[in-house]
Amino acid sequence: MTILVAEDEIIILKTIELRLKKDGHSVILTQDGREALKQIEDSEVDLIITDIMMPFASGLEIIEAVKRKPGKKIPVIVLSAMGQENVVLEAFQLGADDYITKPFSPNELSLRVKRFAPVSANAFT
Amino acid sequence: MQALNLTFLQIDTIVFIRAIYIFLVILSALFGIILGFTIYKRRIEKNKKAWHQSLAGIISQAIVLTEEETINITDEIKKLLKKSIFRRYVIDELIHALKNLSGASTLNLVHLYEILELNIDSFKKLHSKRWHIKAKGIQELGIMNQKKYSREIFRLTNHPNELVRNEAQCSIISLYGFSGLRFLNVAAYPISKLQQIELLNKLKGLKPKNSEGFKKWLQSSNESVVIFSLKLATSVNLHNLYDNVVNCLQSNCLEIKLNALEYIKKIPGENSAGIIVSHYFFNNKIFRLAIIDALRDIGSENEISFLLSLLHDEDDEIKAAGAKSLSWLHPLGADFLQAHSFADQDPWKNIFLEIKNERAA
């Protein structure tokens with residue numbers, strides 16, 4: 001899968017990149033929301049992992065943009081330190097497919113990503 | 001005379017010029033110091049940005065490391081690690097990363113911290129004369145699960161500086177959970193309310209192995225230790241402390257009594273309502289109101305006559321509290337008041353309205 005990761009913390013970003021690459025995915029990294037929105041328009045991605053609090057555009061705006069985009073439905077996993085009920089609910093109402101709160105386990109993230117892999121790809125893992 | 005005046009004028013001018021000269025020298029020196037400090041700060045910030053990039057690679061590598069893999073520390077990093085400022089920066093970054101992660105990957109970060117011998121840097125901070133450095137060292141060792149330094153950290157749980165003490169108490173709890181509470185045996189200083197909340201949060205979700213320590217702490221001469229133990233016993237539902245907690249109702253400290261009452265409310269014994277009523281007349285208004293309120297939860301029909309007697313109290317607050325508790329215990333509920341001849345008089349009209357609203361809510 002090609003996965004877009006939007007996260008402003010570089011250590012977390014690189015950790016996710018390494019973990020997902022170990023699983024055989026290709027990864028596009030962005031450190032701000034505006035760049036993530038541009039990548040969604042320009043690139044073919046199969047899954048998005050996004051933080052909520054980011055410069056220029058928030059993760060919630062990214063979910064909105066992805067869900068508005070015509071064509072292929074791209075699943076979105078939110079990875080955020082904001083665990084407040086209202087934020088989680090808003091993310092799901094906007095169309096988020098999963099929500100992970102920080103502190104998080106990279107291994108758990110890897111398994112959650114697998115759930116969104118196409119069935120044919122899953123069959124070989 | 002004129003010549004003398006001229007000499008004085010000349011002397012004044014010389015002094016004035018010298019003063020200006022000294023002032024300018026001091027000003028230039030100050031300006032130089034500020035400029036130097038600003039340049040130094042900027043250089044550090046610039047360095048940190050560069051370090052951040054190279055460190056991110058190593059830290060993220062360490063996080064996803066499996067048992068078969070080893071971490072590759074570049075020569076650039078090895079060289080930088082000789083600088084104490086860089087080592088301090090690495091510790092901060094590791095702690096920041098650790099706070100964002102859970103599970104097995106946190107062990108990898110701790111391992112990296114130990115490989116780079118940063119634990120020694122943190123330990124050295126414990127011996128600093130400056131309290132904030134000492135507190136930072138304690139915090140780092142606690143977060144990085146460095147049990148081998150627990151003896152030194154334990155000693156600091158009784159440090160005269162409150163912030164050092166608080167940090168040491170939190171670290172000991174992080175390292176040992178309930179077993180770490182043995183610092184309460186020797187706690188010589190008061191534990192602030194904020195610190196009590198902090199410790200309670202750290203212990204959330206854990207269970208004590210036994211209640212032996214609690215029995216000792218409930219008799220501590222340090223009132224804050226008794227209060228904290230009561231709060232903790234209540235939050236973890238320690239049933240076998242009932243008799244020890246009832247003894248706390250005889251304390252001279254109001255806060256101890258109020259917390260003991262909270263425990264009894266949550267974990268009542270056979271005759272809890274009778275016991276607390278027996279303490280009613282020996283206490284002040286605050287505790288009396290707390291007793292009346294507690295009867296709502298643990299009282300029975302046996303306490304109705306006591307509560308009815310409160311309706312004749314001189315104090316309106318006591319009357320109202322008694323009436324409220326009665327509305328929960330009386331077989332007629334909130335309507336019991338209407339049966340009284342004084343139901344239409346003040347303050348009963350308002351009290352009745354308040355009770356009705358409260359019950360409806």
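Modeller: Chain B has 18 helices and zero strands (DSSP runs numbered from the N terminus, helices being H or I of at least four residues and strands E of at least two). Its radius of gyration is 33 Å, well over the 21 Å given by the globule rule for 361 residues, so chain B is more spread out than a compact globule (the radius is taken over C-alpha atoms, and the rule is 2.2 Å times the number of residues to the power 0.38). This is a predicted model, in which local features need pLDDT of at least 70 and side-chain atom pairs count only at pLDDT 80 or more, while totals for chains, interfaces and linings use all residues. Residues are numbered from 1 along each chain as its sequence is written, and chains are lettered from A and ligands numbered from 1 in the order in which they are written.

The C-alpha trace of chain B spans about 100 × 95 × 40 Å along its principal axes. Of its 361 residues, 30% are buried (20 or more other C-beta atoms within 10 Å of the residue's own, with C-beta atoms placed from the backbone). Among contacts in chain B with a separation of 6 or more, 61% involve residues 24 or more positions apart (a contact requires C-beta atoms, placed from the backbone, within 7 Å).

Turning to the interface, 16 residues of chain B are in contact with 16 residues of chain A. On the chain B side, helix H1 (2-63), helix H3 (84-100) and helix H4 (104-115) each supply at least two residues. The largest share, seven residues, comes from H1(B).

The C-alpha trace of chain A spans about 40 × 35 × 25 Å along its principal axes, and buried residues make up 34% of its 125 residues.

Within chain A, strand S4 (residues 76-80) and strand S5 (residues 98-101) pair in the parallel sense over four bridges (pairing requires at least two DSSP bridges). Leu79(A) has Ile100(A) in S5(A) as its bridge partner.

How values were computed: Contact = placed C-beta atoms within 7 Å. Buried ≥ 20, exposed ≤ 12 C-beta atoms within 10 Å, placed from the backbone.
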